[in-house]
Amino acid sequence: APNARGDLRTRAAWRDFDLVYSWRVAPGSNSGVMWRVSEDMQYPWQTGPEMQVLDDERHSDGQIPTHRAGSMFDLVAPPANIVRPVGEWNDARVLAEGTRVRLWLNGTQTADVDFASEEGKRLLAASKFRTMPRFAQNDSGHVVLQDHGDRVWYRDVRIRPLPR
């Protein structure tokens, strides 16, 4: 349909994986990539952690460190000044192994969280997800490209399963 909208998700569910992709946004845009999403909740962000895709300069989320591009959304702030200017491509990576997830943006590691650790539990308890008992608890699930109603482009999306 001409103006059809919605999140895009993988057909397959992924357990442990190495996901790489490139993204760019229009001015003021917001999106994200979520993983281990299950379909039994109303929204993908109720189960799947997210790597933020954002125009840090123009979107209000850019004022919140844990909501900036490359962050593990609302959990871990990325290092400063690693996102490329709007219109340029950014290279991202999500490496999920068991309960540990590591993120990179443009070659710089932005997060390293083990959700089963005391630190991981502390991060969850301090986030907006503390009221969502299923958040970051799935062993496997879909990868989702979020439709936040803004213009965003993804390319070179590659995912490789890892042995456990």
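Biologist: Before we start, when do two strands count as paired here?
Modeller: This is a predicted model, and pairing is read from DSSP bridges. Two strands pair if DSSP finds, between them, at least two bridges.

Biologist: Then how many bridges join β5 and β6, and in what sense do they pair?
Modeller: Strand β5 covers residues 90-97, and strand β6 covers residues 100-105. One example is Leu95, which stands opposite Arg102 in β6. The two strands pair in the antiparallel sense, and the count of bridges is six.

Biologist: Which residue in the turn of that hairpin has a positive phi?
Modeller: β5 and β6 form the hairpin with two residues between them. In that turn, a positive phi of about 60 degrees belongs to Gly98.

Biologist: Which strand gives the most to the lining of the largest pocket?
Modeller: That pocket has a volume of about 370 Å³. Its lining has 24 residues, with Asp56, Glu57, Asn81, Ile82 and Val83 nearest the centre. By type, the lining divides into 11 nonpolar, five polar and eight charged. With three residues, the top contributor is β2.

Biologist: Why do the buried residues of α1 lie on the same side?
Modeller: In α1, residues 118-125, the buried ones include Gly120, Leu123 and Leu124. They sit on the same side of α1 because the arc they cover around the axis is only 100 degrees.

Key:
Residues are numbered from 1 along each chain as its sequence is written. This is a predicted model: local features need pLDDT of at least 70, side-chain atom pairs count only at pLDDT 80 or more; totals for chains, interfaces and linings use all residues. Side-chain values use heavy atoms; hydrogens and water are left out. Buried means under 20% relative accessible area, exposed over 50%, partly exposed in between (1.4 Å probe, protein chains only). Helices (H or I, at least four residues) and strands (E, at least two) are DSSP runs, numbered from the N terminus. The arc is that of the directions from the helix axis to the C-beta atoms. On a 1 Å grid over the protein atoms alone, a cavity is a set of points where a 1.4 Å probe fits but cannot get out, and a pocket is an open set with protein on both sides within 12 Å along at least five of seven lines; lining residues have an atom within 4 Å of a point. Grid points are joined across faces, edges and corners, and a volume is the space filled by probe spheres set on the points. Ala, Val, Leu, Ile, Met, Phe, Trp, Tyr, Cys and Pro count as nonpolar, Asp, Glu, Lys and Arg as charged, and the others, Gly among them, as polar.
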